[in-house]
Amino acid sequence: MSDADFNAFARVIHAQTGIVINDGKRSMLVSRLSRRLRKLGLSEFSEYRRLLESGAGDEERRELVSAITTNVTSFFREPVHFDVLKGLVPELSERARAGDRIRIWSAGCSSGEEPYSIAMTLAEAWSGVQAADVRILATDIDPEMVEKARRGIYAPPQNGHPLPAAVSRYTRRQDNGSFAVDPALRSIIRFEELNLLGAWPFAGSFDVIFCRNVVIYFDAETRLRLWRRFAERLRPGGTLFVGHSERVDADLEPLLQPAGVTQYRRTTLSTK
Ligand SMILES: C[S@@+](CC[C@H](N)C(=O)[O-])C[C@H]1O[C@@H](n2cnc3c(N)ncnc32)[C@H](O)[C@@H]1O
């Protein structure tokens, strides 16, 4: 891959996703794009670059996103967040009883284990959650992941570990050994393809936002912009969870107060 092609791919990927591809990621890029080239019957990176940059490149740019994103996730990843969420249930259920809509967003949901873990946590602590006005929005830029999340069918753990108890309770084992999420639980989740850097075509604010292990791949400016947009979409008192290695910039503390190492509470200050 020539430097010119590498730089052009890095530019397209950054513009498309916010993900920064620096020199250290060159071999990853070569290996992942080589697969795309083989699939398309192309022999040169320069031909692939021409395709991406052409008017006909829209569909391939989506494939590029799928090829480049890191989708590692698991049920109840970073379990402390689900304990905190469980602690929020009395307040959320009280508000739902009083007629409020409760909205939770899993932003960068990958193959769905995160939103299903959220739904399972609610269902365990809140009998009748499925009848309340509670919805989880689960979005990801990668169309393949959104499709997988929507299906809600998972292979058994590779390492021979047992499934977390809540996962066993809310899934049904299938003949081929995979397990499928309970349709009633799935019905409170809406899955959508969404690029976090683009417009967010939904109204209303959220009580809780999970955006974990997504922005680590972004540059500082893109991260800061995104944290601010999340703050604008959280209702006062709402909670933002971020990944274990991520922190919201101190500049935003007037809007997002640390409430734990990787959780933030929206203050009542206006974002205007
Ligand atoms: C490592 S996974 C994290 C999944 C889950 N949040 C967790 O912590 O287990 C990162 C996800 O972010 C998604 N992603 C990357 N850039 C994105 C963007 N600009 N908009 C939306 N999703 C994005 C990827 O497709 C990937 O599925």
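Which domains does the domain assignment of the protein chain give? In this predicted model, the assignment gives domain 1, covering residues 3–68, and domain 2, covering residues 80–266. The centres of the two domains, taken over C-alpha atoms, are separated by 30 Å. Seven residues from domain 1 and ten residues from domain 2 take part in the contact between them. On the side of domain 1 that touches domain 2, helix H4 (residues 58–68) gives the most, contributing three residues. Sorted by class, this side of domain 1 has three nonpolar residues, three polar residues and one charged residue.

The secondary structure of the protein chain comprises ten helices and ten strands. The C-alpha trace spans about 60 × 55 × 30 Å along the principal axes of the chain. The radius of gyration of the protein chain is 20 Å; this agrees with the value near 19 Å that a compact globule of 272 residues would have.

Helix packing is considered next. Two packed helices are described by the angle between their axes and by the distance between the axes.

The crossing of H2 and H4 is right-handed. From H2, the residues that make the contact are Arg32, Leu33, Arg35 and Arg36, while H4 supplies Glu63, Ala67 and Ile68. The contact of H2 with H4 holds four charged and three nonpolar residues, and no polar ones.

In the contact of H1 with H4, five residues are nonpolar, two are polar and one is charged.

Within the range assigned to domain 2 (80–266), helix H5 (residues 80–97) packs with helix H6 (residues 113–125). The angle between H5 and H6 is about 45 degrees, with a distance of 9 Å between their axes. At this angle H5 is oblique to H6, and the crossing of H5 and H6 is right-handed. On the H5 side, Phe82, Leu85, Lys86 and Val89 meet Ser117, Ile118, Thr121, Leu122 and Ala125 of H6. The contact of H5 with H6 divides by class into six nonpolar residues, two polar residues and one charged residue.

Notes. Residues are numbered from 1 along each chain as its sequence is written. This is a predicted model: local features need pLDDT of at least 70, side-chain atom pairs count only at pLDDT 80 or more; totals for chains, interfaces and linings use all residues. Domain bounds come from an automatic or database domain assignment. Two residues are in contact if their C-beta atoms, placed from the backbone, lie within 7 Å. Helices (H or I, at least four residues) and strands (E, at least two) are DSSP runs, numbered from the N terminus. Ala, Val, Leu, Ile, Met, Phe, Trp, Tyr, Cys and Pro count as nonpolar, Asp, Glu, Lys and Arg as charged, and the others, Gly among them, as polar. A crossing is left-handed if the near helix is turned anticlockwise from the far one by less than a right angle, and right-handed if clockwise. The radius of gyration is taken over C-alpha atoms; the globule rule is 2.2 Å times the number of residues to the power 0.38. Axes are lines fitted to C-alpha atoms, for helices over the stretch in contact, and angles run from 0 to 180 degrees between N-to-C directions. Angles under 35 degrees count as roughly parallel, over 145 as roughly antiparallel, 65 to 115 as roughly perpendicular and the rest as oblique.
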